[in-house]
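Dear colleague,

I am passing on a structure that I would like you to look through, and below it you will find what came out of going over it. Please keep the picture open while you read.

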Amino acid sequence: MTTRGLMRRRFFRSLLAFAAWMIVLGVWHENVPRNHALDLMIGPLAALGFVAVEAYWWLTPCTACHRTIGWRACIWRLWGGRPRACPHCGVSIDK
Ligand SMILES: [Zn+2]
């Protein structure tokens, strides 16, 4: 599998996990007795899911040198049509 393919797979997996996380939070929020502390927690818990998604993208490894490509994985996945190379080993993310 190429690094680009790995980025694509991690992108879709993280979206599924985030959707599942939001469903769990919604079901939990609707089915436990309401109180002020719960209402204060729901926002940070949703934000925690978003941070986890970003971290999962950030930690995408290069398939050639196995070092993480960091913020590039977040950007290249969203605007990834152009040829790109790993910043550590220089191997194309399409190889
Ligand atoms: Zn590399």
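This is a predicted model: local features need pLDDT of at least 70, side-chain atom pairs count only at pLDDT 80 or more; totals for chains, interfaces and linings use all residues.

Taken along the principal axes, the box filled by its C-alpha atoms is roughly 55 × 20 × 20 Å.

The helix to look at with care is α2, which covers residues 36-58 and has 23 residues. From its first C-alpha to its last, α2 reaches 34 Å, which is close to the 33 Å expected at 1.5 Å a residue. Even so, α2 has a kink of about 25° at I42, shortly before the proline P44.

As for the interior, 11% of the 95 residues count as buried, and the largest nonpolar core is made up of 5 residues, namely M7, W57, C62, I69 and A73. Leaving aside residues up to four places away in sequence, M7 touches T60, A73, W76 and R77, and A73 is itself a member of that core. Among the contacts in the chain with a separation of 6 or more, 51% are accounted for by residues 24 or more positions apart.

With best wishes

Technical notes. Residues are numbered from 1 along each chain as its sequence is written. A nonpolar core is a set of buried Ala, Val, Leu, Ile, Met, Phe, Trp, Tyr and Cys residues joined through C-beta atoms within 7 Å. A residue is buried if 20 or more other C-beta atoms lie within 10 Å of its own, exposed if 12 or fewer, and partly exposed in between; C-beta atoms are placed from the backbone. Two residues are in contact if their C-beta atoms, placed from the backbone, lie within 7 Å. Helices (H or I, at least four residues) and strands (E, at least two) are DSSP runs, numbered from the N terminus. The expected span of a helix is 1.5 Å times one less than its number of residues. The bend at a residue is the angle between axes fitted to the seven residues ending there and the seven starting there.
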